[in-house]
Every structure is written in C-alpha cells, then in structure tokens.
Amino acid sequence: MNVFSSDTGFPGQNRGITQWYPEGRGQGCQRPSTPPKTPPQKTGLRGSLAALREKANVQDRLVEKLLQRVVSQDDIEDYLTHGDPSIQPGSSTPLSSKGPDLNLTAMANNFRQFNSRVGFLSAAADTAAYVYTWDTPTYTLSVLAVYSFICLSPQFLPALPITLALYGIFVPCYVARFPGASRGGRALVDKTDFAMQGPPLAPPKAPSPAKELSKQFVRNIRVVQNSMGAYTLAYDSVVDNLTPIANFSNLALSSNIFLLLIAGNILIAIAASLVSWRLIFLVGGWLLALTGNPWVLEQLQLASEHEVAKQFWYQNNARVVQLRHLITQDTVQDLAPETRLVEVFELQRVSQNGAWEAISFSPTPHDPMSSGRMTGKHPYGATASSEILPPRGWAWSDSNWELDRFNHDWVNERMIVNVHVETQGEHWVYDQGGQISSDYEYMGLRGVEEVGNARGPWRRRRWVRNVRRTSASS
C-alpha cells in the first residue's frame, strides 16, 4: 500500500511536487505531478441526467453502507454457500425462503422504493394519534359516534370499508379533477368546492412516490426508524412480561394460569351466546379513547394522589401477595422425574474349543429368526456393561445392572421361537440345536445328526436398569 501526501506549502518544499512515502520507510523519491484537469461541466438535459445519476449512485452507496453494518459479508457468503439453516432436509420450504436470494443491491433498492412509498403509514399514524389525543374534541367525538353506531348495529360493518373508499378516495379525487370556481387563488365557497357541470378542469391526480433525498423522503426514513424502535420496545416489553408467566420457569404460577385459561375458555364457549358483546365493545372502545383525554388523565393523576386511593392500592397489593403465596405454597405439583426401564442383552457364542466366549452387550437378543441372523450380520454393541451410556436426556437411577430372572416373559413378548429357556441357574436363553448350519460349521461340526438335541451356538440373557429424565441444562 502506498501513501501519498499532497503539497502542503511548507517552506522549503517545491510547489507542484508530490512526496511519495513507501510503506514502512521514510521519505522516498520525488516525482513531478501534473495538476488534475477539471472535467468540463455538462449543461442542459445531459447535465441534469448526469446529476440525477450521480445522486442515485450516492444513495445506493449510502444504503449499502448502512446494510453492510447490519448484515456482515461473512454471513451473506455463508448463506449463499450453505443455504438457509432453518430449512431442514426433506421439509417443505417456508414462505420466507421463497423468492430471490439475499443480495445487498436488491435489498438497498427495495428499501429505497419502500421508503419512498411509506408516507401513507405516517399519515395513518398521525391521524390515529390526532384522534386519540383529543387535539380536536369534535373530531374525536365524531369518530366515536361512528364507532358506537357500528357497535350497536354491527350489521352495517360491511358497509364501513365501502364508505371509507367513497369519502376517502373517490370524493377527493373527484374534487381534484373538477375544482370549483376560484377567485384570487381561493375557492368562492371553501376549499372543498367542486364543479357540478362541465368538462374536467384539472388533470387527474395519483399518489406518487416521494422523490429521493427530498424532505418527504427524509421524513419517511425517520418514520421507518422510529417505527422500528417502537416495535422493538413493544416486542421486548411483551416478551419480558409474558415469558416468566408462559415459559413455566415458575411452575406453580404458569400451571395455575394455564388452568385458569382452560377454565375461561370452557366458560366462554358455554356462555358466549349470553354475553352482550355489543355493550362490551362499546364500553371498551370509549374507555380506551378516554385514556388519551388530557382532562381524564389529569383527574386520574389527582385521584391517585388521594389518601383513599393509596389505601385502596395498599389493600390490593396485600391481596396480590396473598394470592402469590397461595399459588406457590398450596399448589400440589408432581415434581418426581419420569423413570423408565432400559434393557440390554448379553450375547455369547461357542468358540472352536467348545467354550462360551463373550461377544457383546447388544440392544437386540439376536434370536434365530432375527434379520441379523438371517443375513449373517455380526451383532453390534458394547464389549462391557460399563461402556453402556444412558439415552440422551436421561441418567442412570440405579447403580448397577440387574439380571432379569423372568426370561420366559420377554421371550413370549417378543414371540421368539426355536430357543431353549433356562429357568434356573444363570437364566440363559439358548438356541435350539440344528437351526443354523453355518454356525455349526464354525463349531467344527459336520451335520445335524452329530448334534442331536444339543443346544445351538448362541445364548443370551437380559439385563435391566432404571433411568430417569434429566433437565436440558444437565
């Protein structure tokens, strides 16, 4: 990397000479430099197009720099190389993973286009805040009157979207297309005056995106920024307040709320036809609107400072403490962990010298009619019982393995045939003689006649041990 320093006009330096310093060294050789030539300024239509193109390039670079600080290039390369890690092989592709792949340029372009068209959301939010804060009481009361009419006569609810479309879209567009007579730039009647007769007097108006880097564009960026911040705060608030209740971190509290929700669901399903939902929505909407009225807020503030209100809140807090004590102390919970029985089969086979040799501790009994015996596969498993680990998410509840002395039961449960069950002694289950000729050839025998009623080359017995479920952290 070469570092250049331009002429600073210090004494002793020649004008027009650029000092060149190689990396890691002092001052190097000097070479003359020619002053840069100023490109000719374009005028007219071409100059305007070039300026707009340069402005768009600046916007693209600005948005790309912003997105690069949010999404690192390593994450993008890993996504493009390995794909979406949330999609499991063989599962259906979610809707969020359909469409073009991740691309910073496309993301910047989409963000710029979205930001230029998001102005109506800002207008809707301003209108809602204007109604809720009672800036114009008559306007808020008019909205509440319409709301009350819909609550008392819900059969007119389907007509509400049509009414909003007529008075919010068609009427303003007609007034803009057929303006009324004006004098001195002002309408003769009012600003909503329109012509009832004659041809159109103005071109039709259509909503257009905000021009890039205009005041509206910057205002939309601020709206998007504040909306993302408000959504983040609301999401964190809901998660912080709902998670301790719903994730069973407090078993007593979550269990009681779960039971209350089930009881409430059943009660609502039974008594829903008896409840006056119109009155509930009417009173609830008016109460919600009154919470934004400045006079109501002032009265609530004064009432909260009264001694009677303080005594009321103190009594309620005492009741809440008693309820929490009832939930935590008087709730009976089954805290005993789940236990199950794990089995393993000790397999032995006759060696060439006629002695039994240990093969493995296998999860299957390797009986004469099993698929492993039919295909000639060697039984898999551990060589010693101490090497056997409990299943994932479980732990041993017993210190040692215990021999299952009721070998008749597990033989009958698995419907194992062609075996000889030893009811005494070491409780082995032997193969009957003359079943698998290849095994007898391994023993050095030549045929079934030489064996007679002898036992087969394999024997097994069952060992059991209890396990208990452990927590995810352990």
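**The core and its surroundings**

In this predicted model, the secondary structure of the protein chain comprises 14 helices and 12 strands. The chain has 474 residues, of which 20% count as buried. Among contacts between residues at least 6 apart in sequence, 53% join residues at least 24 apart.

In soluble globular proteins, nonpolar side chains tend to be buried together. The largest nonpolar core here holds 11 residues: Val-342, Val-344, Phe-361, Ala-382, Ile-388, Trp-394, Trp-396, Trp-401, Leu-403, Trp-463 and Val-467. Two or more of these residues come from each of strand E6 (339–350), strand E8 (394–396) and strand E12 (455–469).

When its neighbours within four places in sequence are left aside, Trp-396 is in contact with Val-342, Ile-388, Leu-389, Pro-390, Trp-401, Arg-465, Asn-466, Val-467 and Arg-468. Of these partners, Val-342, Ile-388, Trp-401 and Val-467 are themselves members of the core.

The charged pairs come next. The whole structure contains eight salt bridges. One of them joins the side chains of Glu-338 and Arg-340, with an N to O distance of 3.0 Å. Glu-338 also meets Arg-469 in a salt bridge, at 3.3 Å from N to O. This second pair links distant parts of the chain, since Arg-469 belongs to strand E12 whereas Glu-338 lies in the loop between helix H11 (307–329) and E6, and the two are 131 residues apart. How exposed are Glu-338, Arg-340 and Arg-469? Glu-338 has a relative accessible area of 34% and is therefore partly exposed. Arg-340, at 48%, is partly exposed, and so is Arg-469, at 40%.

A further pair presents a contrast in burial. Asp-431 forms a salt bridge with Arg-373, and their closest N and O atoms are 2.8 Å apart. Because Asp-431 lies in strand E11 (residues 429–432) and Arg-373 in helix H12 (residues 371–375), the pair ties together parts that are 58 residues apart in sequence. Both Asp-431 and Arg-373 are buried. Elsewhere, salt bridges link Glu-343, Asp-404, Arg-414 and Arg-462 in a network.

Most residues other than glycine have a negative phi. His-427, however, has a positive phi near 60°. His-427 is placed in the loop between strand E10 (419–421) and E11. Its relative accessibility is 8%, so His-427 counts as buried, the limit being under 20%. Phe-248 likewise has a positive phi, of about 60°, although it is not a glycine. Phe-248 is found in the loop between helix H7 (215–246) and helix H8 (251–271), and it is partly exposed, with a relative accessible area of 39%.

The axes of helix H4 (residues 119–132) and helix H5 (residues 137–152) come within 8 Å and cross at roughly 100°. H4 and H5 are therefore roughly perpendicular to each other. Thr-127, Tyr-130 and Val-131 of H4 make the contact with Tyr-139, Thr-140 and Val-143 of H5. Four of these contact residues are nonpolar and two are polar, while none is charged.

Terms used. Residues numbered from 1 in each chain as written. Predicted model: local features only at pLDDT ≥ 70, side-chain atom pairs only at ≥ 80, totals over all residues. Heavy atoms only, no water. Core = buried A, V, L, I, M, F, W, Y, C linked by side-chain atoms within 4.5 Å. Buried < 20%, exposed > 50% of the residue type's maximum accessible area, 1.4 Å probe, protein only. Helix = DSSP H or I, 4+ residues; strand = E, 2+ residues; numbered from the N terminus. Contact = heavy atoms within 4.5 Å. Axes fitted to C-alpha atoms, helices over the stretch in contact; angles between N-to-C directions. Parallel < 35°, antiparallel > 145°, perpendicular 65-115°, else oblique. Nonpolar A, V, L, I, M, F, W, Y, C, P; charged D, E, K, R; others polar. Salt bridge = Lys/Arg side-chain N within 4 Å of Asp/Glu carboxyl O.
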